[in-house]
Amino acid sequence: MSVIAFAKNWEGKFKKSTYELVSYAKDLASRLNTQTLVLSIGEVDESELEKLALYGADRIISVNDSRLNVLSSRIYAEVISQFVRKEFATHILLSDNNSGKAISPRLSVKLQAGLAAAVLDVPKSLEPFVVKKQVFSGKAFAYVQIDSEKKILTLSKNSFGVKENPSTAAIEYFTPELKEDLFKIKVKSEESSDNKIILTDADIVVSAGRGMKSPDNWKPVEDFAAALGAAVACSRPVSDDGWRSHEEHVGQTGKVIAPNLYFAVGISGAIQHVAGVSRSKCIVAINTDPEAPIFSVADYGVVGDAMTVLPKLTEIVLNGE
Amino acid sequence: MKILVCISNVPDTTTKIKFKEGNKQIDDAGIQWIINPWDELALTRAIELKEDASNPIDEVCVINVGEAMCDATLRKALAIGADKAIRIDANPLDAYFVAGQIADYIKKTPYDIVLSGIESSDYNSSSVGGMLGEFLDWPAISSMTQLGFDGDELNIHRAIPGGNQILQLTPPFVGIVQKGIAKEPRIPAMRGIMMARKKPLEVLPAIELKALSQIVEFEQPQAKASCKMIDAEQLDELIHLLKSEAKVL
């Protein structure tokens, strides 16, 4: 028995979500009275790998192969499953992000291991193994019991927190056996979007809706977001009408986010929108309509016109109160 | 070329979810059931591709693992433009069970492209597409935002954090679709609804397969404490509270 956390890197660097996952793995391993193994795939410097020890990794294992720098769910699942079998690991943890979502289902089939996705808390019980997850895009929760011997969890962002727990893990290397035909998908080219801050990673999000009245009125939104170092998002009608890109749509059928601070500007707060943002730690609503349903889920509210409120807020933030 | 689109039957997205029998089951009274929004976009794109005669698509089929109540949703998929529908008659126990049933069908009835939505709006596990890829030993494209043809070559885009990748591959593969794959889901027209009645909806028995997980209980989220209102003329108070009280700035 052991716990394995897959530490995803982005161009050789780990993120807060990686450290949160390692913290969670350490906590689970302590409950199970076993070791925390952290597996990194692709080229990562030793100085970066060492950081994983700060959050409780007992062993840090690197698959330092340049062919694996680009994510392929098929290959990554193969690498992880070979390592799981070698170590007789029982609990496999991934972050609930793009890569975790892509890898975990394949891993589940390879290892005949039940998968609980978007887990929100430490297990409710270990025997049987029951975890809490989000269902209906945040409108409810479910307790999922995994019945297989091996278990896979993907952890929702900001559900456990980053917890320091320093250890003295040495870095080991692992070389999986990979058949050439696994490298079948070729990336022809890559385009990067203008958004510098990735919405699903952002700690602060400024989101605007139909209340802005016109796609030409987004400058105050962007200025306020820039002042806060926040990502810009929007509601569904705004992206459906082509005012803003689909990439910015948050809500039940768009991106589901969990930032520390969420500003809903000119967004009435339809149930589908709220479903996508309800895990935000703090919600601020700015709306001209005092009866807007968004105020019933917000922590702080301002009744007013965004076109005047936002520039004032931007000024306050920039001038440091 | 044949496309198979996996369809999940889910409550309408405006539904307020309630539970019954001590939070063990969903209270389905008054629920309107729909095609999972992402699956609907996948289906729309598949039909768009077939309608353009320059594309080598001969058939668009939809498949669902579910009980008889799902037939209405499958009829809607036929009305939108799918050529035929398959329902594997079983209670969809978990994603592993569902993917295993669909994979077994594909092994017996080969398809070139299999599409599924990136997640279902009910259990949010984002699992069936990737599991299918593994059951079939096919590549699976996660977060696929474009699917088209460039002559004989496929034109495929996938969303990655902060951008897009343009991919090169040949069928068979599983495409796990994200928003953007089709502009808007198609609404069935009267003619489509009439035609759907004559299209085949085949019901097949499930294979023996053990689920790996089960939901033991549901829980409603707690109601939020009341919202603190700030005067629009005293916005520095808001920033102050976000810093000192909520501690999020």
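# Close-up views of a predicted model

**View 1. A:Arg236 is partly exposed, with a relative accessibility of 36%.** Partly exposed is the range between buried, under 20% relative accessible area, and exposed, over 50%, using a 1.4 Å probe and protein chains only. The model is a predicted one, in which local features need pLDDT of at least 70 and side-chain atom pairs count only at pLDDT 80 or more, while totals for chains, interfaces and linings use all residues. Residues are numbered from 1 along each chain as its sequence is written, chains are lettered from A and ligands numbered from 1 in the order in which they are written, and side-chain values use heavy atoms, with hydrogens and water left out. A:Arg236 belongs to helix α6 of chain A. Helices (H or I, at least four residues) and strands (E, at least two) are runs assigned by DSSP and numbered from the N terminus. An unreviewed UniProt entry includes A:Arg236 in its "binding site" annotation, along with others, among them A:Arg210, A:Ser235, A:His273 and A:Asn287. UniProt positions follow the numbering used here, feature names are shortened, and annotations may be inferred rather than shown by experiment.

**View 2. Residues 3-187 of chain A carry a domain annotation in UniProt.** The unreviewed entry gives the stretch as "domain: Electron transfer flavoprotein alpha/beta-subunit N-terminal".

**View 3. Strand β5 (residues 114-119) of chain A is largely enclosed by the rest of the structure, because six of its six residues are buried.** β5(A) pairs with strand β8 (residues 151-155) of chain A in the parallel sense, over four bridges. Two strands count as paired if DSSP finds at least two bridges between them. Within this pair, A:Ala116 faces A:Leu153 in β8(A).

**View 4. A salt bridge joins the side chains of A:Asp27 and A:Arg31, with N and O 2.6 Å apart.** A salt bridge here is a side-chain nitrogen of Lys or Arg within 4 Å of a carboxyl oxygen of Asp or Glu. Side chains of opposite charge can pair when their charged atoms come close. Both A:Asp27 and A:Arg31 sit in helix α1 (residues 16-32) of chain A, four residues apart, which is about one turn of the helix. A:Asp27 is partly exposed at 23% relative accessibility, and A:Arg31 is partly exposed at 42%. By the salt-bridge rule, there are 33 salt bridges over all chains.

**View 5. In the salt bridge between A:Arg244 and A:Glu222, the closest N and O atoms are 3.1 Å apart.** This pair links distant parts of the chain, 22 residues apart: A:Arg244 is in the loop between α6 (236-240) and β13 (261-265) of chain A, and A:Glu222 is in helix α5 (residues 219-228) of chain A. A:Arg244 is buried, with a relative accessible area of 16%, whereas A:Glu222 is partly exposed at 36%.

**View 6. B:Lys108 and B:Asp104 form a salt bridge, their closest N and O atoms being 2.7 Å apart.** Helix α3 (residues 95-108) of chain B holds both B:Lys108 and B:Asp104, four residues apart, or about one turn of the helix. B:Lys108 is exposed, at 60% relative accessibility. Elsewhere, salt bridges with shared partners connect A:Arg59, A:Lys86, A:Glu87 and A:Glu172 into one network.

**View 7. An open sheet of 10 strands has mixed pairing.** The order is β10(A)-β11(B)-β10(B)-β9(B)-β12(B)-β8(B)-β1(B)-β6(B)-β7(B)-β13(B). At the edges are β10 (186-192) of chain A and β13 (201-205) of chain B; each has a single partner strand, so one side of each has no neighbour in the sheet. From one strand to the next the twist averages 30 degrees. For such angles, axes are lines fitted to C-alpha atoms (for helices over the stretch in contact), and values run from 0 to 180 degrees between N-to-C directions. Strands β6 (residues 59-66) and β7 (residues 84-89) of chain B pair in the parallel sense over six bridges. B:Cys61 is opposite B:Lys84 in β7(B).

**View 8. B:Met190, B:Ile193 and B:Met194 make a nonpolar surface patch of about 300 Å².** Patches consist of residues with over 30% relative accessible area and no salt bridge, with like charges joined within 9 Å and nonpolar side chains (Val, Leu, Ile, Met, Phe, Trp, Tyr) within 5 Å. Accessible areas come from the Shrake-Rupley method with a 1.4 Å probe, and for residues only the protein chains shown count as cover. B:Ile193 lies in helix α5 (residues 190-196) of chain B and is partly exposed, with a relative accessible area of 35%. Chain B as a whole has six helices and 15 strands, and 53% of its 249 residues count as buried.
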